[in-house]
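Okay, thanks for coming, everyone. Let me put the model up and then walk you through it piece by piece.

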Amino acid sequence: MEGMTKIVKTVARLVIGFILLYGASIVIYGHITPGGGFAGGVFISIAYVLIMLAFSKKVAMRKLSNFAASLSDNLGAFSFFIIGLLGSIFSGYFLYNFINHGTPFRLVSAGTIPLSNIAIGVKVGASLYAILVALSIYGRVLTEKEEE
Amino acid sequence: MENLALGTIAAPLGSAILILIVTKWWKRFADIWATVVGGFTLVASILLIGSEPIVYRMGGWAPPWGICLVLDPLSELMLLVINLLGFFVTVYSLSYMEWYTNKPKFFALFLLMMAGMNGVVLTGDMFNLFVFLEIASLASYGLVGFGVEAEELEASFKYLILGSIASTLILFGVAIIYSVTGSVNMADISVFLKGTGNNAAVLFAAVLFLAGFATKAALVPFHAWLPDAHPSAPAPVSAMLSGVLVKALGVYAMARVFYNVIPVDPIFLKVIMVLGVISMLVGGLLAIGQWDIKRMLAYSTISQIGYIFLGLSLGTALGLVGAIFHLLNHSTYKGLLFLCSGSIEKATGSRDMREFGGLSKRMPVTSIATSIGALSISGIPPFAGFWSKLIIIIACFRAGEIVPGIIAVGVAFITISYYVKLQKYTLFGKLPDKLAKVKESPFAMSSAMIILAVLCLALGLGYPLLNSSILSPAANSLLDTTGWGYITNVLGF
């Protein structure tokens, strides 16, 4: 059996959804509560890392493949760049908050900031997961003496 | 104009990510787009020369509250240096990087490094300087280890450790300056320090900056990473590292901080002078004994960076013009020499000069380009290197610094000696049988080398024009006798 024991798998199955949800809430509420794209993104990546640890790398890669992680990573970063560029196009200043700021402390407020948080959340979540996948691929090359 | 200045950072930054996305489906996109972006940043930096000082407010926030980009004559010159070599190295890489497996990732990292360097020379904010410096450094760590062979990874790791220590020192320096002045805006810090003077905390921060930037610039004794990192990297990366990275992250940042941010202190200029002279001498002497062609060029970089710092440390207009001119020249001929070494390595499969000889018969373009680069860096008239060294040496004597001036003359002869050695063992003599079938480099590589070789001559002959249009304004923006020029540009008073 790949992965860890049934106890770990059962617990992991129960908590992974909550971790993802918590991560998403930290990203989405980033502009009105402590946290933001980076912190929430770390939570999201941790959910996938937990799948990798509890169920094996193969299962985790089935849920989020290397290609998908790399693509989300790039798309997250590119979205942030585009938000910055749109600021420059609409108002002449890079990263200018060009969307209506709305009522302070409401979920839909603060203009481009929540959008930037989501872009960063996707980028950080995907890239941290991709880094851990990459780290798990590489192993130490045994010397001839050790092989003997 | 404001948008052009922003474009020199935004275009390579966005393109680095765009290349990674599009090349998942279309591999050739990396070649096309990197060349287009390289061309755009080069044209933008040429168009920006001679423009009035520009202050670009990021996010619309006015300085000192927000991050601002400041384009003054020194930044204009540095932008030109970075993007000029950057474009030709990109063209050269189109063919050279076929040797490696993942060209799109190379161009993504390369453009990220370009964005970081352009950011360093444009930013008017100390913390933002650190951020761009890290972007450029992190990309360069990846590029040094791009071949993923044991030697390259070791060099990259060594570079990573020493580079990170340097970055940490710089960050500590920024933190101390912030705690003292309550600002990270360069002009605002300068205003504050003009009022209070340099207290002990500021002097300590200055020492941290000195050590941090000197490591980035590979001044002796902070140079240990360079002789490993530069030869191990692919030739285009070596050209960028030696040609511009050490200058943007080390020389420019040090000049900006010690001339425009922290009030000039004669003690620091003296320290920079001593380090510069030692680098000149040690780099030159160590280069003589090298047989690895790229390692020799790497030690030569340490020596030539010493010249630049010697000019900077004099604190006179002539010294600064000499230093800035040498910086511009060194980027072209050292970039050229590294590209030539890459051609030779690709054709022969070796970097050991003892295995070469008579390559001028088989590789005429590379040989002529190597000779021009070597003559220029050796200081043979009428090539560019002669004039910049002459100006630095005259500036030394006029400033009353006789000993450094004499050492500078002596090191010029040392430089000639190891470049004669390079030419003798590589280009002339008998062609070994095993090299009888080597071929000249493809068009993309040759054309980049030819243009850079022509520039080595053109920069020398065009000195009077360059001096009035770029060099003197750049030197004046550093050597502002009232000390308020930079501040007025940024803060508007």
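When I say contact, I mean heavy atoms within 4.5 Å. With that rule, 50 residues of domain 1 of chain B are in contact with 47 residues of domain 2 of chain B. Domain 1 covers 1–264 and domain 2 covers 265–461, with bounds that come from an automatic or database domain assignment. The C-alpha centres of these two domains of chain B lie 23 Å apart.

Quick housekeeping before we go on. This is a predicted model, where local features need pLDDT of at least 70 and side-chain atom pairs count only at pLDDT 80 or more, while totals for chains, interfaces and linings use all residues. Residues are numbered from 1 along each chain as its sequence is written, chains are lettered from A and ligands numbered from 1 in the order in which they are written, and side-chain values use heavy atoms, with hydrogens and water left out.

Now the nonpolar core, meaning a set of buried Ala, Val, Leu, Ile, Met, Phe, Trp, Tyr and Cys residues joined through side-chain atoms within 4.5 Å. Buried is under 20% relative accessible area, exposed is over 50%, and partly exposed is in between, with a 1.4 Å probe and protein chains only. The largest core has 177 residues, and the members that touch the most others are Met117(B) and Phe209(B). Its largest share, 19 residues, comes from helix α10 of chain B, residues 235–261. Helices here are DSSP runs of H or I with at least four residues, strands are runs of E with at least two, and both are numbered from the N terminus. Both domain 1 and domain 2 of chain B supply at least three residues to this core.

So what does Met117(B) touch, leaving aside neighbours within four places in sequence? The contacts of Met117(B) are Ile82(B), Ala136(B), Met240(B), Val244(B), Leu245(B), Ala248(B) and Leu249(B).

On to the aromatics. Rings of Phe, Tyr and Trp (its six-membered ring) pair if their centres lie within 6.5 Å; planes under 30 degrees apart are stacked, over 60 edge-to-face, and the rest tilted. That gives 27 aromatic pairs over all chains. One of them is Phe106(B) with Phe110(B), stacked at 5.7 Å centre to centre with 25° between the planes. These two are separated by about one helical turn, because they sit four residues apart in helix α4 of chain B, residues 103–122. Phe106(B) is buried at 0% relative accessibility, and Phe110(B) is buried too, at 1%. Both belong to one aromatic cluster, along with Tyr92(B), Tyr96(B), Trp99(B), Tyr100(B), Phe107(B) and Phe146(B).

There are charges over rings as well, which takes NZ of Lys or CZ of Arg within 6 Å of the ring centre and within 35 degrees of the ring normal. The charged end of Lys24(B) sits over the ring of Phe67(A), 5.5 Å from its centre. Lys424(B) does this with Tyr425(B), at 4.5 Å.

Over to chain A, which has six helices and zero strands. Is chain A spread out or a compact globule? It is more spread out, because its radius of gyration is 19 Å, well over the 15 Å that the globule rule gives for 148 residues. That radius is taken over C-alpha atoms, and the rule is 2.2 Å times the number of residues to the power 0.38. The C-alpha atoms fill a box of roughly 65 × 35 × 20 Å along the principal axes, and 36% of the residues of chain A count as buried.

Most residues other than glycine have a negative phi, and most peptide bonds are trans. In chain B, the bond from Pro63(B) to Pro64(B) is cis, with omega near 10°, and Pro64(B) lies in the loop between β1 (54–57) and β2 (68–71). Pro381(B) to Pro382(B) is cis as well, with omega near 5°. Then there are non-glycines with positive phi: Val148(B) at about 45° and Ala218(B) at about 60°. Are they buried or exposed? Val148(B) is exposed at 58% relative accessibility, whereas Ala218(B) is buried at 0%.
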